[in-house]
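Here is a friendly tour of a ligand site and of the charged pairs elsewhere in the model. Please have the structure open as you read.

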Amino acid sequence: MWKGKIVIDFLKRKESNEQLQINSLSVINDDKQYQNVINIYKLALEEVVDNLTEVKQKYYDIFKDNLINNIVYRIKTPESIINKMKKKGYDLNYENLFTKINDIAGVRVVCPLKDNIYTLIRIIEKLPGIKVIKRKDYITKPKKSGYSGYHLIIEKVVVVNNRELAIKIEIQLRTMAMDFWSTNEHSLKYKTKKKLSKSDSRRLTLYAKVLNYIDNKIAKIYSKQLPHNQLC
Ligand code: 0O2
């Protein structure tokens with residue numbers, strides 16, 4: 001199977017022998033090579049989203065319960081990819097893009113409760129054509145900011161020109177409470193140029209803890225619920 005390095009060979013062969021350097025942001029959007037790479041990521045991403053949508057539906061059909069609330073996905077913008085590569089000190093070339101940036105294609109799955117996340121991870125691990133290559137458990141160990149969630153880096157096998165390619169995709173798994181916090185913190189602090197005051201920053205970290213407390217308490221109420229046939 002083709003891994004990252006061989007994808008580069010594939011592009012090299014297809015696109016002449018010019019050096020595979022990501023030159024600058026201004027050229028990247030018109031760069032045919034870049035578009036070819038991104039199209040492969042898009043293909044892999046769409047297949048993973050289809051897989052997860054099917055899991056959501058099948059789980060509901062069997063258990064009449066939601067394992068997944070919603071699934072959102074995106075391809076990272078060129079700006080964001082370049083910023084991340086610069087921030088991490090990587091040279092701007094396709095080899096680093098393939099091998100070191102794990103979230104060019106990203107899926108976010110929001111589940112009702114923490115237990116659903118762990119059930120879903122076990123299901124994802126068994127999906128055909130998907131291999132989990134890295135995990136980050138920010139649920140057991142939240143980040144200093146308060147950020148919580150479970151990240152899986154997977155390789156999804158796609159077929160391009162009759163050859164198999166393993167493409168890296170990041171799956172972020174969150175509860176509704178984690179997603180509420182992260183989405184707001186993302187715009188208030190994590191991805192904004194505006195500076196948040198120290199006290200507001202501290203508040204956000206505190207609210208993450210409060211939401212985590214509520215997440216656990218709601219799960220506890222669910223766990224005490226009797227099955228329908230035992231209610232009377
Ligand atoms: P964006 O804009 O959301 O895409 P890796 O290279 O895989 O080892 P990476 O990607 O540098 O590690 O870091 P990590 O911890 O896995 O975080 C990846 C993503 O998690 C981030 O992507 C965010 O989406 C989310 N995240 C991490 N920390 C925080 C946080 O403190 N607050 C919020 N709201 N989200 C966070 P990007 O690319 O940084 O940003």
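## The shell around the ligand

The ligand is surrounded by 20 residues (a heavy atom within 4 Å of it). Lys76, Lys84, Tyr138, Tyr190 and Lys191 are the closest. By type, the shell holds 11 charged, 6 polar and 3 nonpolar residues (Asp, Glu, Lys and Arg count as charged; Ala, Val, Leu, Ile, Met, Phe, Trp, Tyr, Cys and Pro as nonpolar; the others, Gly among them, as polar).

Which element gives the most to this shell? It is α7, with 4 residues. β3 (130-137), β5 (163-175) and α7 (176-190) each contribute at least two (helices are DSSP runs of H or I, at least four residues, and strands of E, at least two, numbered from the N terminus).

## Salt bridges

The whole structure has 8 salt bridges (a side-chain nitrogen of Lys or Arg within 4 Å of a carboxyl oxygen of Asp or Glu). Glutamate 47 pairs in this way with lysine 156, with the closest N and O atoms 3.9 Å apart. This pair links distant parts of the chain, helix α3 (residues 32-63) and strand β4 (residues 150-160), 109 residues apart.

## Notes on the model

Residues are numbered from 1 along each chain as its sequence is written, and side-chain values use heavy atoms, leaving out hydrogens and water. As the model is predicted, local features need pLDDT of at least 70 and side-chain atom pairs count only at pLDDT 80 or more, while totals for chains, interfaces and linings use all residues.
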